[in-house]
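Subject: Handover of a structure and the findings in it

Dear colleague,

Please find below the structure that I am handing over to you.

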Amino acid sequence: MMRTFKRIMLFLAALLIILLVVAAFISGDCKYEKTISINAPVDKVWQNTNSLKAMDQWSPWNDLDPNMKKDWTGTTGQPGEKVCWDSKNENAGKGCQELKKVDEAGKRVDTELKFLTPYESEANAYVTVVPEGNGSKATWGFTSQIPYPFTLMKLFMNMEDAIGKDYQKGLLRLKTLSEKPQ
């Protein structure tokens with residue numbers, strides 16, 4: 001009986017060591033982005049992406065809790081613009097997003113996200129708008145770092161399954177909003 005217990009413990013210890021070694025060779029870099037073609041001029045699409053207030057109009061995460069509390073600070077469309085949200089819905093959680101950079105010429109917005117609940121994490125998000133034929137192409141994405149040894153999750157994680165539908169829903173809303181006649 002004791003011999004079997006020792007073998008099980010040795011097997012589990014060996015397995016843990018193998019997993020920790022494998023995790024050491026997996027990059028913590030995480031990146032995801034999605035793009036959509038929009039039948040509207042770049043400047044019109046840019047107006048719907050150049051501030052946190054503008055992006056809030058098409059955010060798919062507002063659907064998680066229409067009653068979530070939001071606190072806005074800073075100047076709309078300027079670095080330092082910030083929104084913090086707090087929701088009783090576990091999926092929406094609590095956190096803040098801050099506008100870090102607005103590149104009017106390059107039509108790119110960079111933000112920093114800090115999630116406090118349901119778990120703490122950070123990410124950098126961006127939206128770009130570029131000409132495409134007679135319309136525009138908008139790209140929405142994020143980058144993040146997964147700390148060791150949680151890099152193992154990358155072996156089992158599919159970003160498209162995890163957030164692809166949300167990104168697609170948001171981009172379709174941006175498209176509808178931007179293509180709407182004035």
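The notes below go through the findings by topic.

This is a predicted model, in which local features need pLDDT of at least 70 and side-chain atom pairs count only at pLDDT 80 or more, while totals for chains, interfaces and linings use all residues. Residues are numbered from 1 along each chain as its sequence is written, and side-chain values use heavy atoms, with hydrogens and water left out.

Aromatic rings

The structure holds 6 aromatic pairs. Rings of Phe, Tyr and Trp (its six-membered ring) pair if their centres lie within 6.5 Å; planes under 30 degrees apart count as stacked, over 60 as edge-to-face and the rest as tilted. One of the pairs joins W61 and W140 edge-to-face, at 5.4 Å centre to centre and with 65° between the planes. W61 is in the loop between α3 and β2 (69–73) and W140 is in strand β7, so this pair ties together parts that are 79 residues apart in sequence. Helices (H or I, at least four residues) and strands (E, at least two) are DSSP runs, numbered from the N terminus.

W140 also forms a stacked pair with Y167, with 4.0 Å between the centres and 20° between the planes. Here strand β7, with W140, is linked to helix α4, with Y167, across 27 residues. W140 is buried at a relative accessible area of 8%, and Y167 is buried at 4%, whereas W61 is partly exposed at 30%. Buried means under 20% relative accessible area, exposed over 50% and partly exposed in between (1.4 Å probe, protein chains only). Ring pairs link Y32, W58, W61, W140 and Y167 into a cluster.

A further ring has a charge over it: K53 lies over the face of W72, at 4.5 Å from the ring centre. The criterion is that NZ of Lys or CZ of Arg is within 6 Å of the ring centre and within 35 degrees of the ring normal.

The disulfide

A search of the whole structure finds 1 disulfide (a pair of cysteine sulfur atoms within 2.5 Å). It is formed by C84 and C96, whose sulfur atoms are 2.1 Å apart. The link of C84 and C96 is right-handed, with 105° about the S-S bond. C84 belongs to strand β3 (residues 82–86) and C96 to strand β4, 12 residues apart. C84 is partly exposed at 21% relative accessibility, while C96 is buried at 17%.

Backbone and loops

Most residues other than glycine have a negative phi, and most peptide bonds are trans. K107 has a positive phi, near 50°; this residue sits in the loop between β4 (94–103) and β5 (108–117) and is buried at 12% relative accessibility. The peptide bond from Y148 to P149 is cis, with omega near 5°, and P149 lies in the loop between β7 (135–145) and α4 (159–179).

S51, in the loop between α2 and α3 (52–56), is buried with a relative accessible area of 5%. Its side chain reaches the backbone nitrogen of A54 at 3.0 Å. Leaving aside residues up to four places away in sequence, S51 touches T76, G77, E81 and L99, where contact means heavy atoms within 4.5 Å.

Finally, D43 is found in helix α2 (residues 42–47) and is exposed at 51% relative accessibility.

Yours sincerely

Definitions and conventions: Polar contact = N/O pair within 3.5 Å; in protein donor to acceptor, adjacent residues only side chain to side chain.
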